[in-house]
Amino acid sequence: MNENTELALDPNKDDLPLMANVGSMLVRHYVLDLTVNFDRKVISGTIVLYLETSKTYKKKSDSMGTGCCPYTQTLFETEQPGSSCNSTASVAASASVDKMCNLSMHSGGGVADVSSCNHSNAEWTGVISGIREQCSNEEDFVLVLDCCDLVVNKVEEVNVIATPGIEKLIRMDMPMSENNVYSQRLQSSIVDAILGLGAECWQEQHCYYLDCSKAPGCGELQFQTDRWSLQIKKLGIQTPKDFPRVLRIYYETKPEGGSVRWTKDQSGRPCVYTSGSPINNRALFPCQEPPEAMAKWQASVWAPKGSLVLMSGENCAEPKCNGALTNWFYYVTMHMPASTFTIAVGYWVEVIAECSFRSQILKSSSSTSDYTNKSSVSLPFCGHPAYPCRFQNHIAQAQNCIPYRVFAPEYLKVRSQEVLLPLMAQCLSAAHCVLGTHPFFRVDVLIVPANFSSLGMASPHIIYLSQSVLSGKNNLCGVRLCHEIAHAWFGLAIGARDWTEEWISEGFATYLEDVFWAKAQKLSEEAAKEQHQLKSLLRWRRLQDEIQNSEEELQVLRPNKQNTCAVSDSGSTIVKHGLNAGKNFMQVHYLKGYFVLHYLENRVGQKQFLKFFRLFVERFHGQLILSQDFLYMFMENFSELRSQGLSMEVIFQNWLDVAGMPKPLLDETLKWTENRLVCEVQSEVTKWIKINKKDQDSRKRKRSQKYEMKFKEVRHRWYELVIKHKHTVAYRDLIKFLEKDQAMGAYLYGELMVNEDAKQQQLVHRCFTKLQEEMDPSLRKVVAKMIL
């Protein structure tokens, strides 16, 4: 990239570029065939992309006529290598094909292989430049994919015409020919037919995707990579509408790639998992990262025999053995951003209860294939692209607890069985009670390695939890589980169209974790209210600390303000501060977002607010939203608030578009401090201060400390006090905490360095030297910055 780059990046800043030119072409489906190699620490194989010209380009093309291609990305200043092939920019050809539902897949005589010329991948160089208003005959269209730390070996066009049985999708009225133009039109027509199959035909559609992905190649394409992208072109093709519709990319990851973590679990067995990296999945497979580039996927993963492969998939995959490897196959039918794809491979064990409850709910659960609405009762309107939607199925609507499984390293199996497993049904049922239909068919929960830098992470069909949540009683585990379950609705089924508005995901999940957990505990209305108020006070204090110790620019919930979701003509954009390692450990979007919703709840009452949540979920599931989408619907449903001085503009000004503590929040603290539970805590604190002043025998004090140390959240606060008061006796325990609970220890490194105490700084250096190789990269970067 150079100074002519359309999205010029300042190397001194930490913005994340999304390079894919989704304004020209969109990936509609991915088919992955991958092999996991623990010895080399690489994942290798192929990915097949099914492409479609974007609606944005089609509109531009229609308005501009056929004489120019305004969306052609001149990404390369290229000396064209010589070629004897005839290059033709053919007319957009694909006529609509009748949808076919009752297809029977079979092998048979396929259509003759009409292949285009094989373009050699001669070396070519270039730089990214802006979109040109006009294009000359020499300019070739370039497909740009988000890509980082991948070794790309080959890119080829796939000859879907050679797929056995594909003749069923070929229009009989298409004129026969054997030239390149006809081949291109036929390929495009077949892909359009596959993409056009309705939601009720998803099985046939997936069969076609899988079969076509195995078709032979019909010509290598030129490609090159830079730091953030993979760029592909076919000589002589000048517009997206003429670009190949199905590509196969041969590649492998790098051991140091930022999308996956190669490490060992708590039992010392090797494992690898997607870790929620700031660069998302672009170091796992070439993809389109912008959230609006939603697609479906199928994935076949080969892993060492005895290992387990978990993934974002609607099905519970069963391994098929083949020598030293086993094969696992997963799929999704719901359109999702590529960033939500998740995979974990390791030697974990399933945690099963003594009773057969899990097998019973698996047998009684609905699956994708059950999705035929046989009831005459009207169902909610869906505004998303067609897929087998659970909101359109009465069986799914009534399913309060979806199928679930729990996996953990052998070392933590018993603890997971005691703490986590009993909470699964309670929390899933509580979530259904509040929000209704579960968006996904099932969920796996995995206890991830100790170097995972968060308490949890949610993806479609799979949740990661830190081992830290298994300590103490069930409160920490239950609350965190409820938070991750809430992401099924807010963050996954409903996502942010602008990634900088992450409060749409984290603020909503933080708000809902309280509601879900109170339901799971079966608290009375009064007890739930007291619990919520106590947590609000604690969050208010944490938010104060965050605001005092963070940059103002990072405290704004809608940093792009009225320019939110702005992209270039090509569809490429940047995520402000997306590469800021410290941002991963900030909680402003969690806390401030929570208080936005808490404020709105207070204006209308919790029952009415949660009823509105259901309506919002029914309206927007399967779609991407912006802050104004939620607030607009809120104001429409509670229009009487306008007469009370509340408007979207007021909410933007007071809450979303400003740094610092929101003004309306400053008036809330007095009410929280009068809460009964808060008064009890203050009373206990006063009591223990008096006991310490009396200097009772150390045996009693040690016993009380031992009781407190059972709870991770209390332990964290305890070690903050240890650091603050330089209580050297507890340093050994502090080191163990930093080693075993890395998800909770991140903030303690900062406290240790701030004190400027020689012993504490030595402790930090010793811990960092020992743990840095296994640390999460973002945490390693933050700690290194503190101590160097």
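**Figure 1. The whole protein, surface and contents.** Accessible areas here come from the Shrake-Rupley method with a 1.4 Å probe. In this predicted model, the accessible surface of the protein comes to about 34,000 Å², and carbon and sulfur atoms hold 49% of that area. The fold is built with 23 helices and 24 strands. Of the 788 residues in the protein, 57% are buried. If you look at contacts with a separation of 6 or more, 77% of them join residues 24 or more positions apart.

**Figure 2. Phe613 in the largest nonpolar core.** This core has 185 residues, and Tyr30 and Phe613 are the ones that touch the most other members.

Figure 3. You will find Ala581 in the loop between strand 23 (573-575) and helix 11 (588-604). Leu779 is 198 residues away along the chain, yet its C-alpha atom and that of Ala581 are separated by 7.2 Å. Beyond its neighbours within four places in sequence, Ala581 is in contact with Ser778, Lys781 and Val782.

**Figure 4. Helix 20 against helix 22.** Here helix 20 (residues 731-740) meets helix 22 (residues 758-771), with axes that come within 11 Å and cross at roughly 35 degrees. This crossing is right-handed. On the helix 20 side, the contact uses Tyr731, Leu734, Ile735, Leu738 and Glu739, while helix 22 brings Lys759, Gln760, Leu763, Arg766, Cys767, Lys770 and Leu771. Sorted by class, the contact residues are seven nonpolar, one polar and four charged.

**Figure 5. Helix 21 against helix 22.** Now turn to helix 21 (residues 742-754), whose axis comes within 9 Å of that of helix 22, with a crossing angle of roughly 145 degrees. What is the handedness of this crossing? Helix 21 passes helix 22 in a left-handed crossing. Gln742, Tyr749, Glu751, Leu752 and Met753 of helix 21 make the contact with Gln760, Gln761, Leu763, Val764, Cys767 and Leu771 of helix 22. By class, the contact of helix 21 with helix 22 comprises seven nonpolar, three polar and one charged residues.

How values were computed. Residues numbered from 1 in each chain as written. Predicted model: local features only at pLDDT ≥ 70, side-chain atom pairs only at ≥ 80, totals over all residues. Heavy atoms only, no water. Core = buried A, V, L, I, M, F, W, Y, C linked by side-chain atoms within 4.5 Å. Buried < 20%, exposed > 50% of the residue type's maximum accessible area, 1.4 Å probe, protein only. Axes fitted to C-alpha atoms, helices over the stretch in contact; angles between N-to-C directions. Helix = DSSP H or I, 4+ residues; strand = E, 2+ residues; numbered from the N terminus. Left-handed = near helix turned anticlockwise from the far one by under 90°. Contact = heavy atoms within 4.5 Å. Nonpolar A, V, L, I, M, F, W, Y, C, P; charged D, E, K, R; others polar.
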